[in-house]
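Open the model in your viewer and keep the selection panel handy.

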Amino acid sequence: MNILFVNNSEINPLSSGIQRITSILTQAFTRQGITCYGANFETHTPSDHTLFPDTLKLDFSRQASQRLVGFIRKYSITRVIVQECMPLKKLGVVHRATAQIPGCRLLYCYHSAPEKEFVPPALSAEWFRLWHSPGKIQALKKVCIALLPGFLYSRLVRLKVRRDYSFIYRKADTVVLLSERHIVPFQKWVNLRNPDTSKFAGIGNCLSFSENLPLADLEHKKKEVVIVSRLSDRAKRISNALKIWQLVEQSAAVPDWRLKILGNGPDEKYYHHLARRLGLKQVNFEGKQNPVPYYRQASVCMLTSAYEGFAMILTEAQQTGAVPIAFGTFATLYDIIEDERNGIIVPPNDLQQFADRLIGLMTDKEKRDLLASRALEDCRRFTVDNIVKQWLNILH
């Protein structure tokens, strides 16, 4: 069996969770004797073949699908895995090619949470961006959308969700979601009375790191809380994390602890501004960094997202002994965390309870060590070997 991975851009494991998973799966499949190839829509950069033996550049020309047909036939590819292709016209390019080749199956991986589209833009962040950042027209559009009455916004989103999910269902032979919990929410928006349930599969993401933190290293943890995230408030809600941290600082219970925020993104300036406005003294913005050293020295990991597909930050934190604490805003959280066993789950949008339970973790080392040790063990269900077995079942 030969496989083709289709991504938006060249594979860089440090650029996003999707690309990291593509890299990990490619290496795992290769160990199974499967040859993997690549295709992407990043036409302005040269291909480097460090991951794939060959990579095809795609565009939206009429010839793109035919070039893909030739590539698939050249390497006897029988499975095409579309990892990230937004806008969906990219999926159309791939489908027009696979439809011409008998026996070639198209798998589309939906790497987010079904119905995430119903979360509106974050008004405060978009308003700040309108006045302080380039791209003012786009920011103005987002502000206008955020100001729409809820019923009108929901009605408009319903039309888009039904169109997009139905398109994915029609074009893919298998729709791969990040959890079996996602199947029913996705199915209900497919514009058919009885969608074929056999076309859906739920497979979580595998662990990012090859080894877990040794249990003995928990003794070397520092009084640090870490956030690793794209700095975009619509999904990630780092604004809530900063407001929670304000409550932590105001409590004066943990004056020697620091919050370290890793990542970059469109709302980075807004977060710096908000941290200053809130008068935060124990926060460091670290920028885009290799997160591993930060995870290994942090005792706690915060997640305040409005939605997530799988939230690899949680399994990464568990692998490195940083106890995860998160809002219960997305389904796959409950695949990863069992509250008060290997992490903490806080009811959505309850900032005060989040701060209280975070302070409880920070002031109770015995509890932190207990939850961290259980997390180091429990996260093993997401090992590469376990996830690859699930993939091989649907690929065959």
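Start by selecting helix α3: the cover over its buried residues includes β1 (2-7), α2 (64-74), β4 (79-82), β5 (105-109) and α6 (150-171). Helices (H or I, at least four residues) and strands (E, at least two) are DSSP runs, numbered from the N terminus. Buried means under 20% relative accessible area, exposed over 50%, and partly exposed in between (1.4 Å probe, protein chains only). Among the buried ones you can pick out Lys90, His95 and Thr98.

A word on what you are viewing: this is a predicted model, in which local features need pLDDT of at least 70 and side-chain atom pairs count only at pLDDT 80 or more, while totals for chains, interfaces and linings use all residues. Residues are numbered from 1 along each chain as its sequence is written, and side-chain values use heavy atoms, with hydrogens and water left out.

**Next stop: helix α4**

Select Trp127, which sits in helix α4 (residues 123-132). Trp127 counts as partly exposed because its relative accessibility is 45%.

Is Phe128 buried or partly exposed? At 11% relative accessibility, Phe128 counts as buried. Leaving aside neighbours within four places in sequence, Phe128 is in contact (heavy atoms within 4.5 Å) with Lys269, Tyr270 and His273.

**Next stop: helix α9**

Go to Glu249, in helix α9 (residues 238-251). Glu249 is buried but has no salt bridge, and the nearest side chain of opposite charge, Arg258, is 6.8 Å away. For charge, Lys and Arg count as positive and Asp and Glu as negative; His and the chain ends are not counted. A salt bridge is a side-chain nitrogen of Lys or Arg within 4 Å of a carboxyl oxygen of Asp or Glu. What does the Glu249 side chain reach at 3.1 Å? It is the backbone nitrogen of Lys281.

Ser251 also lies in helix α9, and its side chain reaches the backbone oxygen of Val248 at 2.6 Å.

**Last stop: salt bridges**

Side chains of opposite charge can pair when their charged atoms come close. The structure holds 20 salt bridges. Select Glu316 and Arg20, whose closest N and O atoms are 2.8 Å apart in a salt bridge. Glu316 lies in helix α12 (residues 312-319) and Arg20 in helix α1 (residues 17-31), so the pair ties together parts that are 296 residues apart in sequence. Both Glu316 and Arg20 are buried.

Then try Arg181 and Asp335, a salt bridge with its closest N and O atoms 2.6 Å apart. Arg181 is in the loop between β6 (174-177) and α7 (183-187) and Asp335 is in helix α13 (residues 333-336), so this pair ties together parts that are 154 residues apart in sequence.

Finish by selecting Asp339, Glu340, Arg357 and Lys367, which are linked in a network of salt bridges.

Conventions:
A polar contact is a pair of N or O atoms within 3.5 Å; within protein, one must be able to donate a hydrogen and the other to accept it, and residues adjacent in sequence count only if both atoms are side-chain atoms.
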